[in-house]
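Thanks for coming. I will go through one structure, starting with its overall build and then the spaces in it. Please have the model open.

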Amino acid sequence: MAVQYEKLSGLFTLETENSMYQMKVDAYGFLLHLYYGKKTAGSMEYLLTYYDRGFSGNPYDADRDRTYSMDALPQEYPIWGNGDYRSPCLEVRMADGSFGSDLRYQGYEIEDGKYGIAGLPAVYGDSSIAQTLKIFMADEKSGLEIVLYYGVIPEYDVITRTVKVENRGRETVQLEKVYSACLDFLSGEYDWISFYGRHAMERTVQRTPVVHGLQVIGSRRGTSSHQYNPFLILAAHEATEDYGDCYGLSLIYSGSFKGEVEKDQYNQTRISIGIQDEQFCYELKPGEVFYAPEAAMAFSGQGLGNLSRHYHKLYRHHLCRGKYKSVPRPVLINNWEATYFDFTGDKIYEIARQAKELGVEMLVLDDGWFGKRDTDYSGLGDWKTNERKLGGTLKDLVNRINGLGMKFGLWVEPEMVSEDSELYREHPDWAFAIPGRKPVRGRSQLVLDFSRPEVVDGIYKQISMVLDSANIEYMKWDMNRSISDVYSAVMAADRQGEVLYRYVLGLYDFLERLHVNYPDLLVEGCSGGGGRFDAGMLYYCPQIWCSDNTDAIDRISIQYGTSFGYPVSAVGSHVSVAPNHQNGRVTPIDTRAAVAMAGSFGYELDLCRLTEEEKQQVKRQIEEYHKYWDVIHNGDYYRLTNPMEQDVAAWQFVREDKRESLIQVVMQNTHGNPVVPYVKAAGLDPEKRYREEDTGVVYTGAALMYGGIPVPQRAGEYLAYRMYLVQV
Ligand code: GLA
């Protein structure tokens, strides 16, 4: 049993294969967090200490006991108003205007299998892999009921959480902050790791000590954003890739969010994550319910690599859905960097024909195929084929491409509208704008109000007509600006604080309809590259375009950061032209392929312009990708170096049965009279012998892992090396 409850002591214990999580209902009905970490046995209640602490107040029930204070005790779900002055998870403005609430334990339920959340993405799993615990808490005065959900997935050392708020009272309340999960630690010195960035340079790893005060990351942009990713790690100071305790908090949500870490006056640490509380206010009328998005917590007692592998497996097997969850995805050619807006149907066909010869399996037609769209100043919202530009219908073009034996995929940006479009002229109120103010434009476009079902319906109708019109097997769902001027023309003034959350629900509703009505459609997420690379999107899109930056060397860092919380199978990654369009860097085409292969592989350049030799290289790369696909997508992923700090970037895939492994190495810098770097393999069976494919040399797993591998030093910039190992 993953979930246990002891009635006498009020103890809830959640167990995974290598972790234990414990909380307790105390004598007053408060829910105290006791422990999360390596497995122990018995009650951890002895960890709680009680002292009379100045300026840490006491609940009324404690009477003269001044040693009992919510300001010092670890909370399971901290609220504002009960004497805990640290950053809370729940803040409610009551009907009388006050902010105080008081949650007390009411009861629990244990169910087999993993709970789901209506309208929101969530990890799924049946009773063979998961159990659910629900804890009911109530605020007697207001009639608010809070249900804390826990999904325990022992195999991956994962516990998911979400929170349901139900107004069972008689008066309307305002939810000002509802976080999804929080962890209180009584002791320990920690680092926190977050992932920051910008457009074309996403998910840079930042590791800093947790210091006194509140440290915050988040997004106010309406999307999870390029700037901060909704994923946090709390790691013991001494934790490394393969040593030490670390905890992950991953929010399965694609909108504005906030992550906090706070070291308090008693050196205790609180880490929490949830929906961004700024510009958020949710009015909950009697009988209404609010669901916070899900957060997935994982624990590793063996360092960061292990923590990442938990998330990789969890998301691959129990979050991603659809036909392409586990089957190989077609190697694609995307025309964006080859043509931008400047193409004809014949040009696209020519790119496809050339690509087919080299082994590419799908042509993706990017931006510019619809409406009046020859620049990014117009056309969004009009999802009708520009037949003049294509020289025929979309179906004609798709049939020609299919005739080559290739699949066809299409780019769309359904959440957006250009002011110069038929849609905007017809429905100006569908776009976000604050009455009487000029809206902020982003890429010269406005954002459609997806909190309104009729807007979602209207765009869905257009997009489904396109999908029904031809054999379209892939869709790239883009979103190319941050949201601003949030105001919904049909929402009451006092409910405008709900719009951004409802927008995300509208987005999920659209994506869910695609999932149900087009079950074989492969949807790739995208937001100016990796601006919405989050676990929420993975529920609908098994892959996400990782970054608009296609330079292999920049991509190494971007993909390194991404790998902490997301599986390689989710990373859309393409070989593009050199010099690179984003930074002008020239790298060998095999290096570009090595980096792109650590993802869902494709090409994004005009293959017709390659030399004969390069074309042969492309042909070989595609054959190699097919050969290595299984170990890359289904294998365990190991970060062998830190490319932010070392010249040598190296990573490795190992099949779960350890019979096969692929090591990729890229030199990010060259020097005269070089110091030879040694890369230590990981994850192999130390006792077994492995033959390296190219040289035929046989090594023991132990030798490769403990002695390492000297990286060959050849003159040349940005060279890549590969070792493919098979057990003998
Ligand atoms: C975004 C995407 C690109 C491309 C363009 C098209 O920037 O990330 O890959 O699709 O839009 O406008």
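The radius of gyration here is taken over C-alpha atoms, and the globule rule is 2.2 Å times the number of residues to the power 0.38. For 728 residues that rule puts a compact globule near 27 Å, and the protein chain has 27 Å, which agrees. Along the principal axes, the C-alpha atoms fill a box of roughly 85 × 70 × 45 Å.

Two notes on the source. This is a predicted model, in which local features need pLDDT of at least 70 and side-chain atom pairs count only at pLDDT 80 or more, while totals for chains, interfaces and linings use all residues. Residues are numbered from 1 along each chain as its sequence is written, and side-chain values use heavy atoms, with hydrogens and water left out.

The protein chain has 13 helices and 38 strands; helices (H or I, at least four residues) and strands (E, at least two) are DSSP runs, numbered from the N terminus.

Now the ligand. Which residues come nearest to the ligand? Of the 13 around it, they are Asp366, Asp367, Lys476, Gly529 and Asp548, where being near means having a heavy atom within 4 Å. A polar side-chain atom of Asp367 is 2.7 Å from a ligand oxygen atom. For Arg443, a polar side-chain atom is 2.9 Å from a ligand oxygen atom. Gly529 has a backbone N or O atom 2.9 Å from an oxygen atom of the ligand. The protein covers 96% of the 300 Å² of accessible area that the ligand has on its own, by the Shrake-Rupley method with a 1.4 Å probe.

On a 1 Å grid over the protein atoms alone, a cavity is a set of points where a 1.4 Å probe fits but cannot get out; a pocket is an open set with protein on both sides within 12 Å along at least five of seven lines; lining residues have an atom within 4 Å of a point. Grid points are joined across faces, edges and corners, and a volume is the space filled by probe spheres set on the points.

The largest pocket has a volume of about 390 Å³. Among its 22 lining residues, Asn18, Glu155, Asn306, His310 and Lys313 are closest to the centre. Helix α1 (303–318) gives the most to this lining, with five residues.

The whole structure has six cavities of 30 Å³ or more. The largest cavity holds about 160 Å³, and Ile556, Gln559, Tyr560, Tyr637 and Trp651 are the closest to its centre. There α10 gives the most to the lining, with five residues.

Technical notes
Polar contact = N/O pair within 3.5 Å; in protein donor to acceptor, adjacent residues only side chain to side chain.
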